[in-house]
Amino acid sequence: MLLENLRKAIYQDLKEAALKAREEGLLEFEELPVFVLEKPREKAHGDLATNLAMVLARPAKSAPRKIAQIILDHFPAESNRVMRCEVAGPGFINLFLDPSWVYDVIPEVEEMDEHYGCSNIGQGEKVQIEFVSANPTGLLHMGNARGAALGDTLANVMAAAGFDVTREFYINDAGNQIEAFGRSLEARYLQLLGHNVPFPEDGYPGEDLIESMRGFISQVGDKYLKVAPQLRREILVKYALKEKLEQMKNDLASFGVYYDVWFSEQTLHDSGAIEEVLKELQESGYLYEKDGAIWFRSTLFGDEKDEVLVRSNGVPTYFAADIAYHKNKFQRGFDRVINIWGADHHGHVARLKGAMGALGYNPDRLQVIIMQPVRLFRGGEPVRMSKRSGEYITLRDLIDDVGKDAARYFFVNRSSDSHLDFDLDLAREQSSDNPVYYVQYAHARICSILKQAGEIPNSKEIDLTLLTDPTERALLEEIAELPREVGYAALHLEPHRLTHYVYNLANLFHGFYTNCHVLNAEAGLREARLALVNACRITLRNTLRLIGVSAPERM
RNA sequence: GCGCCCGUAGCUCAGAGGAUAGAGCGCUGGCCUCCGGAGCCAGGUGCGCAGGUUCGAUUCCUGCCGGGCGCACCA
């Protein structure tokens with residue numbers, strides 16, 4: 001039986017033992033409190049341990065150790081591979097499994113192959129993950145890159161855990177920044193044609209816009225010189241936006257990130273969706289007029305101040321569009337909607353959730369992951385970047401510099417609410433100091449062994465119980481943990497757990513490798529080890545795939 | 001000033017209401033007759049401060065200190 005199922009069964013047995021004891025009048029409690037059954041840190045504390053007796057101490061009004069003994073008296077001994085139980089420490093119940101349980105994992109991994117690690121804890125819940133959604137007025141920066149790695153990995157992880165996942169990119173192709181974009185393009189266009197016009201103060205100074213207009217001119221020349229500015233800007237925006245989006249799509253694709261949906265903000269304006277949602281809020285009494293603008297009472301939902309939805313010039317704000325957008329998400333049937341935002345947008349969370357509440361949706365169905373900023377380091381020094389001047393390192397630069405694998409690994413390796421110091425030198429390094437290489441090396445090493453071995457024996461026809469070395473057991477136990485790791489990462493929205501897991505797995509493999517020979521082990525043991533190593537290969541590969549990192553067979 | 005996030009080893013970071021808090025880097029010293037040494041093993045100091053809740057707090061709560069980010073009719 002798979003470790004996960006074993007755990008569930010034992011958890012159930014513990015529950016029933018407590019309930020039975022209550023029936024017999026030995027224990028007193030209203031409802032069984034939540035308790036944990038987990039792998040203890042210390043090997044001496046068994047394979048699994050539970051705090052059940054300790055959390056029962058208060059309701060049962062009794063000493064934890066005493067309760068533990070009562071539970072054990074009602075616990076079905078010798079079932080579910082439990083060999084021995086003991087009361088320990090302040091009242092833990094430690095369970096020791098039949099050591100042979102680990103051998104079940106190899107056939108399991110072989111059979112599930114590329115699906116090993118998957119589970120169904122998501123139960124098909126429809127989840128949408130919106131991430132990156134960068135302004136199409138510029139290039140993808142490090143914040144976008146982190147969001148891309150995080151969002152895509154989270155999507156992979158949740159899909160593997162049995163959620164029905166949709167990846168979406170929201171295109172901010174409307175509003176003020178598009179106006180500024182148009183003025184910037186226009187200025188570049190005119191400047192390139194030799195006209196000495198000033199660049200707008202709120203423009204986008206990046207070199208990329210000049211490039212874009214250079215390309216435009218090579219196609220159409222100066223034919224828009226005399227066109228009315230309003231129309232001219234529209235044409236330039238249309239051209240540049242398309243180009244920018246293509247570029248983003250390409251850059252994200254080279255980063256291994258693909259979307260199911262690219263959603264245009266402009267369509268919300270065009271379709272009347274924004275007007276509609278404004279009306280809805282109006283009718284529920286959440287709006288009021290002040291100074292010629294229309295405001296949303298976001299303070300009702302814990303926001304610090306009310307928020308403008310329609311400016312006095314009649315133009316809806318980004319926030320208004322965002323409300324319509326998120327309503328649209330729910331209308332599309334998503335049970336849950338997850339956004340990944342930079343820390344500079346965290347102030348937006350409460351009011352958007354509030355707006356969802358005002359529209360009658362449970363705000364908890366909207367979850368926002370806030371990412372802290374990225375700092376790049378080179379030569380031990382922070383790399384200076386200025387978005388104002390348009391001089392910054394882009395996702396494309398990063399991929400060209402350190403490669404997709406290292407970049408994705410490094411971004412996912414940190415919890416989203418931790419500031420990320422990205423060491424470019426380390427990411428590029430081809431040594432074991434670089435965790436990406438360390439993990440990939442383990443995979444390549446295994447492939448090399450398997451290649452030399454020729455055939456991989458079917459684990460059902462060999463004696464796996466020959467795998468008794470401590471490094472073999474440790475490796476088996478860690479391989480068995482993948483489904484649980486993936487499930488945990490999905491439920492807690494913590495993809496960074498995966499890089500930690502895969503690093504640890506690689507570490508255990510290297511330890512095994514140093515300690516145990518595979519190819520020149522005696523007959524029988526050799527086959528068992530080949531099967532072990534193959535299961536490890538599958539586990540490494542599957543985990544790396546979730547992170548979006550390649551698993552090379554040679555390096 | 002108000003709000004959110006963070007404060008764990010020299011550095012970069014994991015972790016977690018429980019039984020002895022971990023990893024990498026750096027430093028020191030070991031390990032190649034043999035499957036890829038891009039590897040393995042050994043060695044150290046630490047939960048910002050002060051209260052509170054709890055049988056038990058580094059983890060939860062409050063205050064303070066320190067850092068980041070927000071607080072536009074921008075997005």
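Author: Helices (H or I, at least four residues) and strands (E, at least two) are DSSP runs, numbered from the N terminus. This is a predicted model, where local features need pLDDT of at least 70 and side-chain atom pairs count only at pLDDT 80 or more, while totals for chains, interfaces and linings use all residues. Residues are numbered from 1 along each chain as its sequence is written, and side-chain values use heavy atoms, with hydrogens and water left out.

Reader: Where is the place of N542?

Author: N542 sits in helix 20 (residues 525–547).

Reader: Is N542 buried or exposed?

Author: Buried means under 20% relative accessible area, exposed over 50%, partly exposed in between (1.4 Å probe, protein chains only). N542 counts as buried because its relative accessibility is 2%.

Reader: Which residues does N542 touch?

Author: Contact means heavy atoms within 4.5 Å. Leaving aside residues up to four places away in sequence, N542 touches D113, E114, H115, Y116 and L482. A polar atom of the N542 side chain lies 2.9 Å from the backbone oxygen of D113.

Reader: Now helix 1. Which residues are buried there?

Author: An α-helix has 3.6 residues a turn, so residues three or four places apart point the same way. In helix 1, the buried residues are L3, L6, R7, I10, D13, L14, A17, A18 and A21. They cover an arc of only 130° around the axis (taken from the directions from the helix axis to the C-beta atoms), which puts them on the same side of helix 1.

Reader: What does the face turned away carry?

Author: That face of helix 1 carries the exposed residues K8 and E23. Just after helix 1, G25 takes a positive phi of about 80°.

Terms used. Chains are lettered from A and ligands numbered from 1 in the order in which they are written. A polar contact is a pair of N or O atoms within 3.5 Å; within protein, one must be able to donate a hydrogen and the other to accept it, and residues adjacent in sequence count only if both atoms are side-chain atoms.
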